[in-house]
Amino acid sequence: MRILAIDPGTDESGWCLLKDGSVLESGVMPNHELLTVVAGWSRYSEDELAIEMIASYGMAVDREVFETCVWVGRFAQAWHQPNAVRLVYPPGW
């Protein structure tokens, strides 16, 4: 099984493709391009999608945080099994 992991941002996001704990590929790309990659992933694949979720720890947040939240939702919805997407919270959450 492979895991596509995304660290979302407002305009571009980091991504990493893992298999058995090893990095196969990684990079950064514009969100619209990454969305196409996520949407085109094999519908019959056993692969998983993990996305880092936003956590504010009680601090004030700005526009960029909310824009990033929108991208988290867009990536999850584009996955072939939206309800199976793993949201990964930062340590301390």
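Ser 42 counts as partly exposed in this predicted model, because its relative accessibility is 38%, and partly exposed residues lie between the 20% limit for buried and the 50% limit for exposed. Ser 42 belongs to the loop that runs between helix 1 (31-39) and strand 4 (48-52). Asp 7 stands 35 residues away from Ser 42 along the chain, and the C-alpha atoms of these two residues are separated by 21 Å.

The loop that holds Ser 42 is part of a chain with 2 helices and 5 strands. Followed along the sequence, these elements give the pattern β-β-β-α-β-α-β.

The overall dimensions of the protein chain can be considered next. A compact globule of 93 residues would have a radius of gyration near 12 Å, and the protein chain agrees with this, since its value is 13 Å. Along the principal axes, the C-alpha atoms fill a box of roughly 40 × 25 × 25 Å.

Contacts and surface complete the description. Of the contacts between residues at least 6 apart in sequence, 58% join residues at least 24 apart. Buried residues account for 33% of the 93 residues in the protein chain.

Technical notes:
Residues are numbered from 1 along each chain as its sequence is written. This is a predicted model: local features need pLDDT of at least 70, side-chain atom pairs count only at pLDDT 80 or more; totals for chains, interfaces and linings use all residues. Side-chain values use heavy atoms; hydrogens and water are left out. Helices (H or I, at least four residues) and strands (E, at least two) are DSSP runs, numbered from the N terminus. The radius of gyration is taken over C-alpha atoms; the globule rule is 2.2 Å times the number of residues to the power 0.38. Buried means under 20% relative accessible area, exposed over 50%, partly exposed in between (1.4 Å probe, protein chains only). Contact means heavy atoms within 4.5 Å.
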